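Student: Hi, I have a structure open and would like to go through it slowly. Could we talk about it together?
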Amino acid sequence: MKDNFPAYGERRVPLPPPRQTPHDELSPAGAAVPAGATATMAPATATARASASGSATATVPAPATDRQPASTAGTSQAGPRGHAKRRGTGRDGKAEAADAKAKPRDAFFDNAKYLAIVLVAMGHSWEPLRDGSRTAAALYITVYAFHMPAFIIISGYFSRSFDMRKDRLQRLITGVAVPYILFEVAYTLFKRWADDDPGYPISLLDPWYLTWFLAALFIWRLTTPLWKIVRWPVPLALAIAVLASVSPDIGDDLDLQRVLQFLPFFVIGLSLRPEHFKLVRRRKARILAVPVFAAALVFAYWAAPRMNAAWFYHRDAAQELAAPWWSGAVMTLAMFGCSLVLVACFFAWIPGRTMWCTALGAGTLYGYLLHGFLAKGSRFWNWYDADWMQTPWGAVLLTLIAGTVITLLCTPPVQRIFRFAMEPKMTWAFKKDPVGMARGRN
């Protein structure tokens, strides 16, 4: 997105930064406007955008705030005739509401997030079937090679404008740190009850099951300003991942192995631009994606009985997987390349238009965290001991059930019920901004 140059020779006034909703960590659409909604802008903002790009709306968020000093963000905007107009940022949050209305959600990313979260749920449903079904094991390996990298790349892409500005830090706390704490406690209490393990400890340093992603995202997001200033961010992040894969002494605190081994995908997301996504969505890319996915499934079918699937979790060093240390570097580089290719193939087939499932992309964090109770409960309560689940038709039915359940957990009614945990406002927890209060009174 280009900077706005007002008419009549006035000084350049930067556009206000896009607002990022708290739940956009797994659902990073970059705006609070529902999918498919028409953005409504104030005349001043519309004129400013029209003069910059010839259009009053934007569909893909661009990191315009990367070039905008935090001290000036949200304090002024171009008026209808180019004159700088003061803009209040007081307690009523009117400035943030205007930013939110300025950018609609992008249907492509919401569709991608929804389909990826469906694959997450299906992969969890296949996990107990791997020992008795080589096909289930092959599907499991293939999906695990790209579904979390895809999520992480999207999260990095929508973290490009992150800095240490007060409002962004507040959203990081309320949208990532607080849900991490609440669900870490909730999962622990659930395990105590469902697994009949009353002594299982509550530990915020040892993420249990799905909460590792929130801990990792918190760390990745905080390091975003650092990756913006280094010359070769992706090679550096990849080198860190390789070193982590041969370092068994890192330990389990905050699942740092996963934080470091998945780091290159987040940094790639920071480095991407809208035109990069357009490249993989061309007709030629869609055609090539079909044989690539077919080859991946064939290879996974061959590798299923020969390969330790724990490599795809990125949570252990090579030595912890009973492999020589040097294999950690080889596997990290090889799997990084394979994951990138499969992520590109996945994006190639994501529809860019608004569909029935597009709005569900805004609720992927809800589906991600809530379906974990069912996924783990099915193991604790021995649901997979039923004979019908071990048949091919049983596996197909189980796959459909997993897709249906995760879809329901992403719907708006579920979001309204659990918003207190996923998107708490918590205005009481933060200091008032005296500058913003003064402006709001003017």
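Student: Is Asp-167 buried or exposed?
Tutor: Asp-167 counts as buried because its relative accessibility is 17%, where buried means under 20% relative accessible area, exposed over 50% and partly exposed in between, with a 1.4 Å probe and protein chains only. This is a predicted model, in which local features need pLDDT of at least 70 and side-chain atom pairs count only at pLDDT 80 or more, while totals for chains, interfaces and linings use all residues. Residues are numbered from 1 along each chain as its sequence is written, and side-chain values use heavy atoms, with hydrogens and water left out.

Student: OK, and which helix is Asp-167 in?
Tutor: Asp-167 lies in helix α6, residues 166-194, a helix being a DSSP run (H or I, at least four residues) numbered from the N terminus.

Student: Switching topic, how do α5 and α7 cross?
Tutor: The axes of α5 (residues 147-157) and α7 (residues 212-222) come within 12 Å and cross at roughly 35 degrees; axes are lines fitted to C-alpha atoms over the stretch in contact, with angles from 0 to 180 degrees between N-to-C directions.

Student: Which residues meet there?
Tutor: Met-148, Ile-152 and Ser-155 in α5 meet Trp-212, Phe-213, Leu-217, Trp-220 and Arg-221 in α7, contact meaning heavy atoms within 4.5 Å.

Student: And what is the average pLDDT of the chain?
Tutor: The protein chain averages a pLDDT of 81, and 75% of the residues score at least 70, pLDDT being the predictor's confidence in each residue, from 0 to 100. Over residues 27-100, however, the pLDDT is below 50.

Definitions and conventions: Helix = DSSP H or I, 4+ residues; strand = E, 2+ residues; numbered from the N terminus.
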